[in-house]
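User: Can you walk me through this one? I'm new to it.
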Amino acid sequence: MGVLALIAGAAALVAWRLGYFDLQGSALRTDVARVRATPWAGPLFVAAYAGITAVGVPPTPLTLLGGAVFGFTRGLLYNWIALLGGSAGGYAVARLVGGGVVQRLLRGHDDLLGQLRRHRGFMAVLRMQLLPFIPSVVANYAAGSARIPFLSFVGATALGIVPITAAYTYVAQQVVAGVSGAGRHALIVAAAMATVTVGASYAPAIAAQLRRRV
C-alpha cells in the first residue's frame, strides 16, 4: 500500500508539473474527441496494452486510460481484448520460457500454484480471475506455470476479467465526464465505484482474519 501511495503521489506531481491539472473542461473534451476520432488510436492502444501486460506490467493504469480516452463502451471492448491478449501472452511466457523472473514474481503464491495444480481446469482459473485481490499478472503466470490447458485458461479468463475490467473502465469514464463538465454526480459515482472496487479486493483477507479470531 505504501508503494502504491508513492506511485500515485509521484504521478500526481508529474501531472501537476506538466500542467494537466490546468485543463479546462472544454479542452479536455476536445482532446478526448480528437483521440477517439483517430482511426489507428484503438488498435495501437490494444497492441501496446497487450504487449506490456504480457511481460508482467500491472494492467490497471492502462485499463483506466482506456476508459478515460475511449469511454465506457469502446473502452471496455478495447480493454477486454487487450487484457485477454496480454493474459494469453503472460501464460505463454510462464509456460514456454519460465526462468528466474517468473519464479520471483510467483514467490509467496505457493498456495495458489498448489490449488491450480490440484484443480486443473476451467473453474479453477475462473475463480482465480474473479478474485480482485489476485493481480492479473500473477494469475496469468501461475496458470502457465501450473500448465493449465490453454483453452481452459483462455475461456475462463475471457469471462473472469469482465467484472473488474468493466468497473475500472466505468470509473475512469465517470472521472473524465465529471472533469469535462458532466457535473458533480459523475465524480461521486466514480469515487463510489473506486471505493467498492478497493473494498472488494480486501474483503476476503478481512473475512479470513475474522474467521481466525472466531
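Analyst: We'll go through aromatic rings, then a surface patch. This is a predicted model, where local features need pLDDT of at least 70, side-chain atom pairs count only at pLDDT 80 or more, and totals for chains, interfaces and linings use all residues. Residues are numbered from 1 along each chain as its sequence is written, and side-chain values use heavy atoms, with hydrogens and water left out.

User: How many aromatic pairs are there?
Analyst: Six. Rings of Phe, Tyr and Trp (its six-membered ring) pair if their centres lie within 6.5 Å; planes under 30 degrees apart are stacked, over 60 edge-to-face, the rest tilted. One of the pairs is phenylalanine 70 with tyrosine 78, edge-to-face at 4.9 Å centre to centre and 85 degrees between the planes.

User: Are those two buried or exposed?
Analyst: Both phenylalanine 70 and tyrosine 78 are buried. Buried is under 20% relative accessible area, exposed over 50%, partly exposed in between (1.4 Å probe, protein chains only).

User: Which residues cluster through ring pairs?
Analyst: Phe45, Tyr49, Phe70 and Tyr78.

User: What about tyrosine 91 and phenylalanine 153?
Analyst: They are stacked, 4.7 Å centre to centre, with 20 degrees between the planes. Tyrosine 91 is in helix H4 and phenylalanine 153 in helix H9 (residues 150-160), 62 residues apart. Helices are DSSP runs (H or I, at least four residues), numbered from the N terminus. Both tyrosine 91 and phenylalanine 153 are buried.

User: New topic. Where is isoleucine 52?
Analyst: In helix H3 (residues 41-54). Isoleucine 52 counts as partly exposed because its relative accessibility is 34%.

User: And alanine 92?
Analyst: Alanine 92 lies in helix H4 (residues 60-97). Its C-alpha atom is 8.5 Å from that of alanine 54, 38 residues apart along the chain.

Terms used:
Helix = DSSP H or I, 4+ residues; strand = E, 2+ residues; numbered from the N terminus.
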